[in-house]
Each structure stands twice: as structure tokens, then as C-alpha cells.
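Please look over the model shown here before reading the points under it.

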Amino acid sequence: MKNELILVLSGDICHPQSADMLPFWCGFIELQRKLCSSIKVSQIVGHSWNPELSDLVELVYAPQAKLHEQQSCSYPELLELINSAEGLKKGRYGLSADWNNESIRSTLNRVRSLSRAVQLMDAQLLSEHQVLIARWDLGPSNKAKTDQLVIDAGLPKEYLYLQYSSKVDVGYADIWMLAPPSIARQFSKFDRVVLDSLTGKNSYLKQFCKSGWPRTCRRTWFETALSHSISQSIHDQLLKLIESTWMQRQGRSFTRKILRRMITLFQSRLDQPPQTAENSYVPIAQNTLRTFSPACALNPRALLKYFILSEGLRERTRFLTNEDFEIASNSGQVINPQPIVLLLWDEVQDNGVIKHAMHSSALPISAIFYLEGTVKACITEQREGVVSRVLQPKSSSSKDRLSCVLDFTIQQFGRSSPVVIMPSAAIYNACADWHYLNALIKFIVWKNLDYVDLTGSENGKPSLEFPDLQTVNGGSFPLFNMAAGTAIGMRSILNKAPPELKVIPNWLHQTLQESSVIAVGRAIF
Amino acid sequence: MSVLSNPRVHIHTGTPHTLPTGVGDLDRFEQLVIKQTPFTFIRFSDGEIEILRNRKLLIANGITEFRGQKFSNQFPEFDQKRFDPRLGKDVRRDLLSSAMFSDWSYYKGVPTRHNNALDDREFMLRLNGGFTPQMTFSDLFVNSNFLRARSHFFPLLASSFKEILVVGNWRCELSGYLKKGRLIKIPDDFFSSYQITLDSVLARLLEAPRYALILSSASSLSNVLGHRLRLSRADLTFLDIGTVLNDLLGLSMSTRTYHKLMQPNTLRERLTSWRYRQHSEYLLRW
């Protein structure tokens, strides 16, 4: 198997009855950050229930194969069973009044999307590369670190990798799965197995609710109390207290040494990793397996666990956590890099420097414009390489130079072409987060944003649409110094500016009082 | 009845099994030897865990660099090892494969409770796919099992095989009940010549006589060899012996704490031995 990866995405890009796109963008950024730099994404396949966002998917991922459908609103086999009195009688193990139509639809749509995406992958007859199956909304947005992707180039490719959690006994996390093609293909029938599970056509409900859920263990009352969220919270507070006490008790005196020993003992008791039946215990006799209420059976994670066990995949399944490996330095890959036009408040450089600047950028640069001295455009041509052209602004004022360049950009590359303005190429190429920048530029193109400040402002109202973005009312950052936006958007803001852009706090104050500026909330350069 | 004392059901066949104990697991190995059932035993200690986790490890020139901290050490030259995550990708890849492989006759020793290493134990269990009866202690032949392993298990083992091959440092000289064995030498700090060393040693082991015994004192190379041989020569019995038989290999017997248990002569040695037996890490605990 070559060192390449097929990315298979599924689920809701945007949840029904919600306009929240934050999970989608967080998912894109997370994927880029966590993908192994040495395992290239060779192909992307996607299925979603959001046909209205197909253009967005094309912009962000440019998948080789995609299918966007309207959400299924009926699963007649299951709904009939749920709604009929006969059905409720038949479903004596688990069909429950707690399963409302919405939750059934949500679960089945989730698994059906996954299966359809895998079927799409299979239909493309793609190469035999490792497959990463993930949801569009992969990423930590509002969640703890538990769902973060773990991909390590050193891991053997013949196993199915899933995220581990303390709740693994109940079910397996379905937010991402890394598998060889032979295992990935088996998920094309996942939705059928789930449907059979929920209609009682297999042993899922019986095992889950009555005979005993495999690879679980009945807990004592103490263990149950310990796993409660209140206990966990007390546990976390105690650990913090112990750590701070330990730091304060440094020193060589006998009393302090004894105290540190006691603290260490207490800490080691508290700091034990969670133990689960899936991982730590040998599966025990049938009568001590756990069972759950029927209301909990409509659980995508439990359904995934059943699927993996019933398909005989458990022996080839391995669970990973974010803390297992130190691989941050090997992680990171820009997906579908967004071409930009780069404007520099710098004097023109020789061709070698220009080519180096273009080569060092993680995002393709369609053109570099130098705004100081002779205003020059250095355009990337397919055959000729870099072609230079001198521009003639109306005057030597900063505003006219920038206007001239933006007009040229609009003419050459289009009104919506994304533009990045930087003091110099060195500062641009020192970007600390290319994955975020790539996502941000795509967001700018998608939303047709006029202007986003990139200096890293900390004071503002957080955006609900994109991570680390905020709306700033007032501020002290110089405009058009480090910024990004569409060419036409920047041009329209520039129309209101005075001739010398870098000066005039009065104008700055006035302008910012009239309108808000969107700014990145942390420094990425 | 507590979870720990319940008899367990084997996940594969349904045969009963209990959680590992030092005594019980050494009994099991003795039974395998008596029944002439080929098996593999490899160990994952601190050094192997660091490599698996992709952390820099350095044991050389009296310095140990471990988990971002530096300590002084008195390890001999043959105990040196250097793992740089940027350069040791092939070592790590093979070590991960050996840690994740699972088979009836493939036993893996891992750090456990008495090592204060529950995080590592859980990590190794996850790499194994969860607990199986083949999981045991990395300290199976040492600490509280050391004297029994030396006085009973290893002599029994050596006498049960006609052909014995020993993989060890180039300084080794076989003696005692290992004298009839053949030595396959490896260099100091083989990480720097990993692939060449692995290919060379593996080529010789693949030609081992049928049902031979392989004893390996070769640091992380033992793990990789054990895994590869289990796949290609299931007739062989392979044991990672670490430093437990150092004296029979002509190597120093004062590099590990448990070595002090062997024949203490002076009062001081007896006191040191007694103190060690009182230590919390002495008794193997899962």
C-alpha cells in the first residue's frame, strides 16, 4: 500500500434547523492539522445531506467524487414498526416510545450518509490506499479533546483505528475511522445492518437490552458513582489542588520531603487512567455483562460497536488517544490549497527572491505585487514561469498604489479573487498556521468578505461562523497592513480612505466608529 | 466477588483465564515448555514505550535522556541506545507492528502497576486490541520472579531444547547451560545500523533448526525479531531474556537492581537484597 490516503467524508455539513457552520470549518482545519505530512491525501470523496452547500464543498475540498442529497424523511420499515401497536409488542426488547421520529431519522441519516460515501468511494475504483472515513464536522469546536483525529505514519496499515474514550464499553466513537480499503468497503452495508438492528432483525437489541452487551462489565455502586460527572469534576479539582500543593512544597527539608511523598502517593491514586472492559478486563461470565435501557439503543456509537463485532472486525480494531504519540511535528497537510494574490508593502526583489517566496508559501500564489518603489506585478504563468510587469499608479500615494494594484488584480484574476496584504514576503512566509489561513481564505471567498484584519486582535465579539474570528468595534491596528479580503471588497473600502494609508489616526478612529471590522483573534504571523 | 478475583472467560475460545500474576504466568510458561509448545515472549519496557510513543531516548556516555529529562547513569557500553524520532522511523514502525500483533502463542510483557506505569499498561493493551491472555509482565523473569526464573525456569528451558541460539551483544561469551548454544552477535547501539543488523540476524535465525530455542538479549531488536519469527517460523520458541542471564552471557551482573538477589555473599549485599524485596516495585502486580 502506497503512502497515500483516501478521504471519505459524510454526514451533515450543516445540521438541520441550524445555520451553524462552525463545526464544518473546524472540521476542515482539524483535518488539515492532524493529517500526517508524509501521507498525502490522494483523493477525496464526500456525501452530504446538504445539496444547497455543494458549492461550498467544491470550494473547500474539491472532491473527486461527491453526492449531495436531500435528507431522507422516511424509513418506512422502522417507522411502521414503531408506530404500530403490533410493532411495540413485537419489539419487546427495545423498541421504545422514547425513539421519536426525529432521533430515528437523525441516526439513520448519519449512518446512511456514511454508507453512501463509502459506496461512492468503491464505485470510483480508487487505488488501494488507506482510507480515512470522517464526518464533515470533525474537530474540537465545542467538544473536549476526545474526538481529535490521530494519524501516525508509523502505524501498521492493516488495522482499523478508532478514537478511544472512557465510554468505549457502550459504543465506539464514529467521528473518524482509519482503515485499509478491505475493511473500509465493509461499511458500505453499515446502514442496512443498523436498520436490521433497530427493527430487531438481528441480535443487537437483545444483547444491548437483555442478554448482555459484549465486552462490558457490571460496575459496583462505587465505580458508577466515580464515573458520574460530579465525581469527575471533584476529581479534576483535587488533582489541580495536589499539583499546586506539590509545586509549593519544593525544598529539601525533611518535612517537605515527607509531604511530597504523601502528595505523590495520593496523586498516583487519583491520576490513574480510566479502565474499561473493552481494554482492561478480560470479558467475563455472561451474567455480569451490562445491559442498558431500550431508550439508549438508538445510539450511533453502540450501533457501530455492534457492526464491528458482528462483522468480525474487532480483532483488527485498535483504539487510539491524542496522548498516545508525540507526532505534532509530523502532522499537518494543506488540503486543496487556495490560490491567492499577494500584495507586499516592499520594494521589488530579484527573480530568485520572488521564486523563493512563491515556493515557500503553502498556498499557491497567482501573483505578487510590490507596492513600494516601482509598483510591479510578478505573475505566475504556466509556461513562462514568473512574468513581471510594471504598473503606473496615478500618483505615488499609498492609496493610489494600492488602488492601481487592486484594479489590475480585479481585471486579471476576477472580482472575488482573494487578496492578502503583508508588509513583506518574509512575514507572510513566517505564517504559523497555514491550515487556518487556507481555511480563512476559503471562508473569505465563500462569504465574499471585503476585509479581514490579520494582525491578531484580542478584543472583539467572537464570530459564530468561523473559529478565532471576531468583530471589532474600534481598534488600534493599521488598516491595509496585514489583511485579507476579496479584491473588489478591498477596493470598495479603499475608496473611503485618505491618500496616505498608514497615518491619520483621526480617520482611523472615525472609520472604525462607523463600522465594524472583522479580525482574526490571534496572531498567525 | 470483586472483578479481579473472578474467573474470566477467554475471549476467543471460552476457556477460563484470570488476570496475570507473576507466579501464575511463569507457571504457564513452564507448562508450555514441558508440553513442547512453541511460543514467543517479547517485552516492552521503558525504552520500547518511549520509541512507540515517538519520544527521544538517549542512553549513552553516562547520560540518560528520558521524557524530556536528563539523568546520570552507570550503564555499560552494551546498554547504550539512541532513538531520534526524526531518524528512527523504521525502528519505530517495526516496533509498533510487534506491539500490535496478536496471536495465540505470542506473549507480550508490558509495564504494569508495580512499575507505576498504568498509563503505559493501558496504552499497550490498546495496541494489543484489549486485554488477552497473552498479555503479561515485562518483568516476568525479574523482580519477585528472578530467583525462581534463574533456579528453575531457565534450566528447565535450556534442558528441553536440543538446539539453542542466543542473540546478544558482540562481547557475549556463552557459559553454563547456554554453552551448547550458538551466539549471533549484534553491535553496540544497533539503531544506527538498524536495517542491516536486522536483515543479517533475521537471515541467520530463519535458518535455525526446526523447533530450536532462541534467547534474545538485544534490546528493542528482540521485539522485532520475535514478531518476524512468529510470522515466518512458528515452530521456533523465542524468548526476550533482557539481562536476566547476563552472567551466562559473560556480561556484567551488576547493572540492574534485581541482580543483587543472586547469591549475596557479604552482609551488605544481603541487606541490599532484603531492602530490595521490601520495595513496592519488587512484587509483580498487574
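Predicted model: local features only at pLDDT ≥ 70, side-chain atom pairs only at ≥ 80, totals over all residues.

1. Residues are numbered from 1 along each chain as its sequence is written, chains are lettered from A in the order in which they are written, and side-chain values use heavy atoms, without hydrogens and water.

2. In chain B, 31 residues are in contact with 34 residues of chain A (heavy atoms within 4.5 Å). The buried area between the two chains is about 2800 Å², with 53% from carbon and sulfur atoms; this is the accessible area (1.4 Å probe) lost on putting the two parts together, summed over both.

3. The interface of chain B and chain A holds 4 salt bridges (a side-chain nitrogen of Lys or Arg within 4 Å of a carboxyl oxygen of Asp or Glu). One salt bridge pairs A:Glu326 with B:Arg55, the closest N and O atoms being 3.2 Å apart.

4. B:Arg55 also forms a salt bridge with B:Glu50, at 2.8 Å from N to O. B:Arg55 is buried, with a relative accessible area of 17%, and B:Glu50 is buried at 0% (buried means under 20% relative accessible area, 1.4 Å probe, protein chains only).

5. B:Arg92 and A:Asp152 meet in a salt bridge of 2.4 Å, N to O. The pair joins two chains, because B:Arg92 lies in helix 3 of chain B and A:Asp152 in a loop of chain A (helices are DSSP runs of H or I, at least four residues, numbered from the N terminus). Both residues, B:Arg92 and A:Asp152, are buried.

Notes. Buried < 20%, exposed > 50% of the residue type's maximum accessible area, 1.4 Å probe, protein only.
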